[in-house]
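Student: I would like to go through this structure and ask what the terms in its description rest on.
Tutor: Here it is.

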Amino acid sequence: MGPSTGDDLGATVAALTADDLPPARRRQLLTRLVGQARARGLADLFKPRAALRWMTETVGEIAPYVPVRDLATLRRHHDGLDDEALAERLIRNASRATAGVGAAGGGVAAVEWAVAPTLLSAPVLLAAETVAVVAIELKLIGELHEVYGVPLPTGGTPRTVALLHSWASQRGINPMAPGVGVAAVLGTAARRELRDSLLKRFGRNLTTLGPFLTGAAVASYLNRRATRSVGDQVRADLRWQRRGLPGLPPIAS
């Protein structure tokens, strides 16, 4: 994949992570993402192992493009909310965004059902939807770290590694712990954890292919529930970690 292709894919995914996207715009972006994924080799995505490899590589490639707002920006964008109220708003908004991706994916799938030959794009749709949902959750995780005073490492590779590791394990990154580096995500066990987590998401997104708009409703609900679970687990872990970090006041409930 050339640099421009990666930039285009990253820009599309970054746009999909925005709060409160109109449904038509989200569907347009997801359709664009499907086209970009198709351009990277449709045939390979018919093989489950190849699809999983594509998702793992793509999530790693788009992670640096995920826009994570700092605490000051988050407060400004959310009417001055702070601490637990801000964390709750972020989780709610991310859950709504992934629900919107599920609804958009179901809408695209409804067209695929109506036009039989284009069912060939179903594996690409599933992979693209999975990547979009993971990107939204990566953004949520990064911003929860800001809220709880545990910012992610700076720099492209360390930040990407931290985000992916946190998403796969559904735990916060402990800056006091050794070994939070490239090896933490590139090691065999950590890569397996990332692949397993992606595989679960990919399997759940099969609901998108329900006939007509039934898939949209189910995918929307499942995405919302899964993102809420990720947010709650990472928030609980960061809250616990914050108690042990020197120099940080307790977070207000």
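Tutor: Start with contact, which means heavy atoms within 4.5 Å. In this protein, residues 24 or more positions apart account for 76% of the contacts with a separation of 6 or more.

Student: What kind of model is this, and how are residues numbered?
Tutor: It is a predicted model, in which local features need pLDDT of at least 70, side-chain atom pairs count only at pLDDT 80 or more, and totals for chains, interfaces and linings use all residues. Residues are numbered from 1 along each chain as its sequence is written, and side-chain values use heavy atoms, with hydrogens and water left out.

Student: How many helices and strands are there, and what makes a run count as one?
Tutor: The protein has 10 helices and zero strands. Both are DSSP runs numbered from the N terminus: helices are H or I with at least four residues, strands are E with at least two. Helix H7, residues 156-169, has 14 residues, so it meets the requirement of at least four.

Student: How do you know what span to expect for H7?
Tutor: The expected span is 1.5 Å times one less than the number of residues. For H7 that gives 20 Å, and the helix reaches 20 Å from its first C-alpha to its last, close to the expected value. After H7 comes Gln170, whose phi is positive, near 55°, although Gln170 is not a glycine.

Student: Why is Glu84 called buried?
Tutor: Buried means under 20% relative accessible area, exposed means over 50%, and partly exposed lies in between, using a 1.4 Å probe and protein chains only. Glu84 has 14% relative accessibility, so it counts as buried. Asp83, at 17%, therefore counts as buried too. Both Glu84 and Asp83 lie in helix H5.

Student: What makes the pair Glu84 and Tyr148 a polar contact?
Tutor: A polar contact is a pair of N or O atoms within 3.5 Å; within protein, one must be able to donate a hydrogen and the other to accept it, and residues adjacent in sequence count only if both atoms are side-chain atoms. The side chains of Glu84 and Tyr148 make such a contact at 2.9 Å, so the pair is within the cut-off.

Student: What makes a group of residues a nonpolar core?
Tutor: It is a set of buried Ala, Val, Leu, Ile, Met, Phe, Trp, Tyr and Cys residues joined through side-chain atoms within 4.5 Å. The largest one here has 54 residues, and those with the most contacts inside it are Leu33, Leu138, Leu144, Trp167 and Leu198. Helix H6 gives the largest share, 15 residues. Leu138 touches residues including Val59, Leu163 and Trp167.

Student: Why is a space called a cavity?
Tutor: On a 1 Å grid over the protein atoms alone, a cavity is a set of points where a 1.4 Å probe fits but cannot get out. Lining residues have an atom within 4 Å of a point; among them are Thr17, Arg69 and Glu143.

How values were computed
1 Å grid on protein atoms, 1.4 Å probe; cavity = no way out; pocket = protein on both sides within 12 Å on 5 of 7 lines; lining within 4 Å. Lists of a residue's contacts leave out its neighbours within four places in sequence.
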